[in-house]
Amino acid sequence: MASDEDIAEAFAKIGMAPKTIENTLKNKKVTQELLAVVEEAGALESGCDKATGAHLYSVATVFPQNALKHRKVFLSLIMQGKVKTSAQLEGGMKYLKQVGGEDLGDVSALEEASGVGMEVSQEEIQAKVREVIQENEAKLKEMRYHMNTNPMFGKVLKALKWADVALVREELDAQVVALLGPKTEEDMKPPPKKEKKKKEKKEKTPKVENVVDESWKTADPYAFFPKPEENNTVHTTVYMSDGSTMNISNTNAKLQQHLKETGGKVMTRFPPEPNGYLHIGHAKAMFVDFGMAKQYEGNCYLRYDDTNPEAEKQEYIDHIQDIIHWLGWEPFKITYSSDYFHELHALAVQLIKSGHAYVCHQNGDEIKESREKKEPSPWRDRPIEESLKLFDDMRKGLFDEGTATLRMRMDHKNENVNMFDLIAYRIKFTEHPKAGDEWCIYPSYDFTHCVVDSLENITHSLCTLEFESRRASYYWLLEVLDMYKPLVWEYSRLNITHTVLSKRKLNKLVTDKYVSGWDDPRLMTLAGLRRRGVTPESINMFCRELGITRSESEVHPHKLEYHIRTDLDATSERVLAVLRPLKVVIDNLSDDHIEQVDAKVFPGRSEEVYKVPFTKTVYIESTDFREKDSKDYYGLAPGKTIMLRYAYPITCTDYTVDPTSGDVVEVHATYDPEYAGKKPPKGVLNWVGQPAPGKQPPTFEARLYSTLFKSANITDDWLGDLNPESLVKLNGCFCTDRLASAKVGQRFQLERLGYFCVDPDSQNGSSIVLNRTVTLKESYTH
């Protein structure tokens, strides 16, 4: 593109004011479009008058995108002075929007729609203005020059569609003066202010603090996307290095054929590579792809992008399907890019025959160097027949790996590196997990992705913003192959603080055993989140609240945790347990005392209960006892009374300290069996009794998780930032029999302790392992 100084000079030649030029240059897209319009209009050097320049600016900013192929014709009407009013401009563009990408045919239809030759005489303007003034004469005489004449002006323009706006305004002003005469001193004064009616005092409504906007729960997050039947607008403009442009869209015929094949349904796809485990970012992509199809009763493919046979494993394929079903999504069909290898090969041959592909012998380093220098491949202009034969030799395995590729003949001088003659096929003597040994050449992502989108009749090809620069190559390929084109739309990827989501870094953490595996609960992999106890419903609600935007931002984990707590609070049974047991001996109970008290499964929501044994010896949290009481402390202390949840009040009478460690190891207390009707103490503690007098309660291991990294933003020294406290294991925790018999995957709220899930490491009949999913309240300090 030319320098800003050159562009500013070109814009000045079409009558743009310096300030307007300055503001326009700040918007790269408008600048690019306006420069292209000025060039198409032939005004780059010669310029034009200010009025015509204003029309060129309008064309650059509001011209119908589906009719860009006809823009040059319309510009010629402007430059010839045939289209010179805003009404004519509007009429012509409205017509062209209806025509779209179809052939324009006789330009006379466009001229008629643009009002070319439709002259409105001065006499017609005078007559219509006179008529409108007569209708408003009484009001004009009453209000004189204080009356707003714009409604009259609009009425005249509506009646005289092609009238010159300036002439109408001039005539209206002249006839008003003829009726009222020159302005008097009174006319020059500001109009008298209307007396405002005194409003009745309304009672003040109380101010509501901290109102949370939850409209996202019911809003349609996909409403801004075009409907399938609107998919004939321009999807992109590809700017070529020679100054030409490709305005790429579906023809009406292509669109109608597509709609016939799909029944007009929304068709999306979720296209993961089967070379790793899915993470929370993929959950957002699933919400976008599967969610949109579900919202509009359409279909979403699960398509495995399996064009790299070296990285793909059945383990990953199985995992992806498992996670998709766990999140509640159902694919319309499960397909593989390899299902289309024969069609892709045939289209590659077609590409060569049309002069848009060639066999190249540059290696990777040489291609990289050529790209940096914007130099063509030495084999870029080899004869078509030669490339066809060499490509067939590649197919037959007659070349070694790395000695030949098929490259697309795009635009090697383009500013967009993704238009630099991308590789379409490369040689790999690797058996494909699905296609077997049939192929030794494999299509690239850049060749495959858009073609298979088209073959599967995808309406909306939705991806994250890092693919935006590939939009040009996506549409270029479909255009030169004359295939149906989906709508491509990029949205911001999910960036979460205190973690990593790149496959490379995740793989490093797993293979070097910084974590226990792909399902380590500290990872933001979906397997890890599931193992931690996160529900699929909370993940989907989290994605819904994030919405689908192009704004890049970082999300703190507490936003996800909010949705996890909300869902677990509604669905998790409550149980009593202690993580760091402290023995409490109730001295006014007999050694053989046992009483089954009723504990609530969902306190305040249902009457369902489970039994908890109340015995002479019970256990509370060691953190719930202090040797010295304080005003803001609600735990147990010498001489202080607290309530054991669902049981009785107890009062501390004594305690024992380990002389070596200084820790309190035993507390003595008395209980009040007659507390009914009395005011209960403020402090209420979780506790566990013995299942039988003298018998220790069931034990479990608790795994307490926090962020994997100490810092919110991951730096180059990311491994050095690993949080050593990201996993704390507590052994010897006590629980009731109800929790001890829980199954793997069951979720509970351990009252006062947090939400927990039974880990697969639990041993049936022996001891269980509980993962803390989230705390009861937000607890981040970072």
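User: How many aromatic pairs does the structure hold?

Analyst: This is a predicted model, in which local features need pLDDT of at least 70, side-chain atom pairs count only at pLDDT 80 or more, and totals for chains, interfaces and linings use all residues. Residues are numbered from 1 along each chain as its sequence is written, and side-chain values use heavy atoms, with hydrogens and water left out. Rings of Phe, Tyr and Trp (its six-membered ring) pair if their centres lie within 6.5 Å; planes under 30 degrees apart count as stacked, over 60 as edge-to-face and the rest as tilted. The number of aromatic pairs is 25.

User: What type of aromatic pair do Phe-341 and Trp-439 form?

Analyst: The two ring centres are 6.0 Å apart, with 80 degrees between the planes. An angle over 60 degrees defines the class, so the pair is edge-to-face.

User: Is Phe-341 buried or exposed?

Analyst: Buried means under 20% relative accessible area, exposed over 50%, and partly exposed in between (1.4 Å probe, protein chains only). Phe-341 has 2% relative accessibility, so Phe-341 counts as buried.

User: What type of aromatic pair do Phe-614 and Tyr-648 form?

Analyst: Their centres lie 5.1 Å apart, and the planes make 40 degrees.
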